[in-house]
Amino acid sequence: MRIEFTSRGIWLAELDLWLDPTEDCKKAWISHGHRDHAGGFHREVFATPETLEIYKIRFQETLDPSQQLHPLRYGQTVELCGARLIPYPASHILGAAQLLIEWRGERIVYTGDIKLREPICGRPTRIVPCDRLITESTFGLPIFHFLSREEARERIVGFAQSCLAEGAAPVFLGHPLGRGQEIVHVLSEAGIPTAVDRSIARFLPLYASCGFPSPGWAPSGGELPEGIALVAPPGFRTPEARGRNLRLAYVSGWAALDNARARTGAEELIPYSDHADFEELLALVEQSGAREIDVVHGYAEPFARILGLRGRLARAPRPAAAAPTAGDEAEG
Ligand SMILES: [Zn+2]
């Protein structure tokens, strides 16, 4: 199959299908609901039902009734121009999916953003055997090693309890879609009352309807009362809580970097991510059995070189944008 890697997304020529296009197109596969993947107005959209719900929440004011939104459940097959398309879980955030494309005997897998460790909220990844693998490498350097969900739960609850015991307010910083809802879910399960920033709270009903409820949360705003934790996006400032003893925890893959404390102001760094770490990426490539690997995001060039040194036919087919770093809205 002819596959073109462009600044607008990945184009499967024979199917005229774009993978995670950033601009309007005719037919799009959207791997998950993060803004850098689920953007643009497309005539036809294929995605999991959860991803389509996130797409609708994000773009409710601009959605056009003439758009055709095709929900595809994990494992469900759709035929398109002689190819079979089947989504599989990717663990990244709620609804995230890899796409298997079977075409004339060739099996191509586009992972989108993915991790192998089980998520706190969502379905675990199933590695799909393929001939050609198109994957990401947001954290494709050996310096990145992340916590399991059990370790992350323990760190989150432990930090919250120690802050509350001494009268301080624990504030958790996490990405507004994915990590944020997972932190709220963990605190809720531990019975810790939690205030939630609006950017995170708007996706909580969807998470609850998909089996990951967080009863007891309340919208943040105004004073932060005693005995309550706060979950907010990175970069969040709390002027209304000035004078309170706030203690910040940063939950992200970027928390694995030495400079994360200085960048975020967080004293507690919890390296739990919705992306694969370096070892997981290597395991993904190995277990997929792919003969060819295209690396398209993050540390694409160094990771493709590392795979090459391990005897793999690997490419970084388009210059990767500068890798994001620990910061305001950086996904990680
Ligand atoms: Zn993502």
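Two strands are taken to pair if DSSP finds at least two bridges between them; strands (E, at least two residues) and helices (H or I, at least four) are DSSP runs, numbered from the N terminus. The model described here is predicted: local features need pLDDT of at least 70, side-chain atom pairs count only at pLDDT 80 or more, and totals for chains, interfaces and linings use all residues. Residues are numbered from 1 along each chain as its sequence is written.

With strand β19 (residues 313-315), β18 pairs in the parallel sense over three bridges, and Asp-294 has Arg-315 of β19 as its bridge partner. Strand β11 (residues 132-137) also pairs with β18 in the parallel sense, here over five bridges, with Ser-137 opposite Gly-298 of β18. Six of the seven residues of β18 are buried (20 or more other C-beta atoms within 10 Å of the residue's own, with C-beta atoms placed from the backbone).

The buried residues of α8 are Ala-300, Phe-303, Ala-304, Ile-306 and Leu-307. They line one face of the helix, because they fall within an arc of 155 degrees when seen down its axis, the arc being that of the directions from the helix axis to the C-beta atoms. Among the elements covering these buried residues are β11, α7 (278-288), β18 and β19, where contact requires C-beta atoms, placed from the backbone, within 7 Å. After α8 comes Gly-311, with a positive phi near 85 degrees.

Definitions and conventions: A residue is buried if 20 or more other C-beta atoms lie within 10 Å of its own, exposed if 12 or fewer, and partly exposed in between; C-beta atoms are placed from the backbone. Two residues are in contact if their C-beta atoms, placed from the backbone, lie within 7 Å.
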